[in-house]
Amino acid sequence: MKRVIILGSLLAAAVFVASPMAQTAAPKAAPKAAAAPAAGAGRLIEIAATDLMKFSVTTITAKPGEMLHIRLKSTGTQPKAAMAHNFVLLNSGVDAMAFSMEAMSASTTGYIPAAKAAQVIAHTPKMIGPGETTDVTFAAPMKVGDYAYICSFPAHFMAGMKGILTVK
Ligand SMILES: [Cu+2]
C-alpha cells in the first residue's frame, strides 16, 4: 500500500513537470533573469575617495544617455564616523553649496536631504569608510551640459570634494 502511494505521488510529480502549465511558466521567468546583467552595465569609472577629502577623478565626459557605472572606493584610513564618502550627481543649475549645507543635517538619510532629493540625478546607495566600495549605475542626462558631482558628507564639498560630469 505504501509503495502504491509513493508511486502515485511520483507519477503526479512527473505529470506536473511535463504539464503544459509548467512549460508556459518557464518563459515567463526568463525575462527577469535576462534583465539582471543590465544592472551592472555601463562604462566603469573608478574613483578613489581620500582622507584629503578629494575625488581622484574630477572630470568625466559622457554622451547623452550613456550608461555609466561609478565605483567609489575609499582609500583612506580615518574612521568612517569622521571621514565617510559618497558620490552624488546633481542636476544642472543646482546650487551645490546650498545642497551641501542642507545635507549636513541629513545623517539619517545618508546625507541626502529629503527636501532636495529632486535635485539629485544619481547617488551611491551608502556612505563608505576606509577600504569600502560602493557602486551606482545610471544613464547620463540627455541634455548636454555640465553636472556637478559631490561628496555630501559634512564639509567635504566645501573642502573641494567635487567634480564635473560633462555631457556632450
Ligand atoms: Cu567625502
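Which residues have the most contacts inside the largest nonpolar core?

Reply: Leu90, Tyr149, Ile150 and Cys151 have the most contacts inside the largest nonpolar core, which has 26 residues. A nonpolar core is a set of buried Ala, Val, Leu, Ile, Met, Phe, Trp, Tyr and Cys residues joined through C-beta atoms within 7 Å. A residue is buried if 20 or more other C-beta atoms lie within 10 Å of its own, exposed if 12 or fewer, and partly exposed in between, with C-beta atoms placed from the backbone. S3, S4, H3 and S7 each give two or more residues to this core. In soluble globular proteins, nonpolar side chains tend to be buried together.

First, the ground rules. Residues are numbered from 1 along each chain as its sequence is written. The model is predicted: local features need pLDDT of at least 70, side-chain atom pairs count only at pLDDT 80 or more, and totals for chains, interfaces and linings use all residues. pLDDT is the predictor's confidence in each residue, from 0 to 100. The mean for the protein is 84, and 76% of its residues reach 70 or more. Over residues 4-37, pLDDT stays under 50. Where pLDDT is low, the predicted coordinates should not be read in detail.

The protein has three helices and eight strands. Both are DSSP runs, numbered from the N terminus: helices are H or I with at least four residues, strands are E with at least two. Buried residues make up 22% of the 168 residues.

Take Tyr149 next. Leaving out residues up to four places away in sequence, tyrosine 149 touches Phe87, Val88, Leu89, Leu90, Lys162, Gly163 and Leu165. Contact here is C-beta to C-beta within 7 Å, with those atoms placed from the backbone.

The strands come next. S7 (residues 145-150) runs antiparallel to S8, joined by six bridges. Isoleucine 150 stands opposite lysine 162 in S8. On the other pairing, S8 (residues 162-167) meets S2 (residues 59-62) in the parallel sense over four bridges. There, isoleucine 60 stands opposite leucine 165. Strands count as paired if DSSP finds at least two bridges between them.

Leu90 belongs to S4 (residues 88-90), which pairs with S5 in the antiparallel sense over three bridges. Leucine 90 stands opposite valine 120 in S5.

Five strands form an open sheet in the order S2-S8-S7-S4-S5, with mixed pairing. S2 and S5 (120-123) are the edges; each has a single partner strand, so one side of each is left without a neighbour in the sheet. The twist averages 25° from one strand to the next. Helix H3 (residues 96-103) lies across S4, S7 and S8, at about 25° to S7. Axes are lines fitted to C-alpha atoms, for helices over the stretch in contact, and angles run from 0 to 180 degrees between N-to-C directions.

S3 brings in another sheet. Three strands form an open sheet in the order S1-S3-S6, with mixed pairing. S1 (43-49) and S6 (133-139) stand at its edges, each with a single partner strand, so one side of each lacks a neighbour in the sheet. Seven bridges join S1 to S3, which run parallel. Alanine 48 has lysine 73 in S3 as its bridge partner.

Note on methods: Two residues are in contact if their C-beta atoms, placed from the backbone, lie within 7 Å.
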